[in-house]
Amino acid sequence: MEFVQSTIPCKDCEAGKFVVFDQASSCTNCAPGKWSDAVSLATDDCKDCIIGKYSAAQGAKTELDCVDCPPGKYGVQAGEQLNELWSC
């Protein structure tokens, strides 16, 4: 088996994305309920939205993308998505 070195230069993932595994050819969005302002190649730099907030979108780039739970709903743990919130 011959090792072939890639000529494609590595690029950092933009905020809201991360690398699933080393030497991946593309970046993956942070899951709903998570966000990342990091620009890096690090594996899953995504952070959880705090308790009481959620993010419905993939690829959230700032903690401000985490919004308050809607009226009549609440969160019990960090990193929740809208469909994981509890009714009052």
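## A cysteine on its own

Let's start with Cys69, which is buried at a relative accessible area of 15% (buried means under 20% relative accessible area, exposed over 50%, and partly exposed in between, with a 1.4 Å probe and protein chains only). Its sulfur has the sulfur of Cys88 as its closest cysteine partner, but at 9.1 Å that is too far for a bond. Cys88 is in no disulfide either (a disulfide is a pair of cysteine sulfur atoms within 2.5 Å). Cys88 is exposed, with a relative accessible area of 77%.

A quick word on the model: it is predicted, so local features need pLDDT of at least 70 and side-chain atom pairs count only at pLDDT 80 or more, while totals for chains, interfaces and linings use all residues. Residues are numbered from 1 along each chain as its sequence is written, and side-chain values use heavy atoms, with hydrogens and water left out.

## The three disulfides

The whole structure holds three disulfides, and with the bonded cysteines numbered in sequence order they pair 1-2, 3-4, 5-6. Cys13 and Cys27 make one of them, with sulfurs 2.1 Å apart. Cys13 sits in the segment before strand S1 (17-18), and Cys27 in the loop between S1 and strand S2 (28-29), 14 residues apart (strands are DSSP runs of E, at least two residues, and helices are runs of H or I, at least four, numbered from the N terminus). Cys13 is buried at 0%, whereas Cys27 is partly exposed at 30%.

Another disulfide joins Cys30 to Cys46, S to S 2.0 Å. Cys30 is in the loop between S2 and strand S3 (34-35) and Cys46 in the loop between S3 and strand S4 (47-48), so this link ties together parts 16 residues apart in sequence. Both Cys30 and Cys46 are buried.

Then there is Cys49 with Cys66, again S to S 2.0 Å. The angle about this S-S bond is -70°, which makes the link left-handed. Cys49 is buried at 0% relative accessibility, and Cys66 is buried at 5%.

## Around Ser55

Ser55 is in the loop between strand S5 (53-54) and strand S6 (67-68), and is buried at 2%. A polar atom of the Ser55 side chain lies 3.3 Å from the backbone oxygen of Ala57. Beyond its neighbours within four places in sequence, Ser55 is in contact with residues including Cys49 and Cys66 (contact means heavy atoms within 4.5 Å).

Methods:
Polar contact = N/O pair within 3.5 Å; in protein donor to acceptor, adjacent residues only side chain to side chain.
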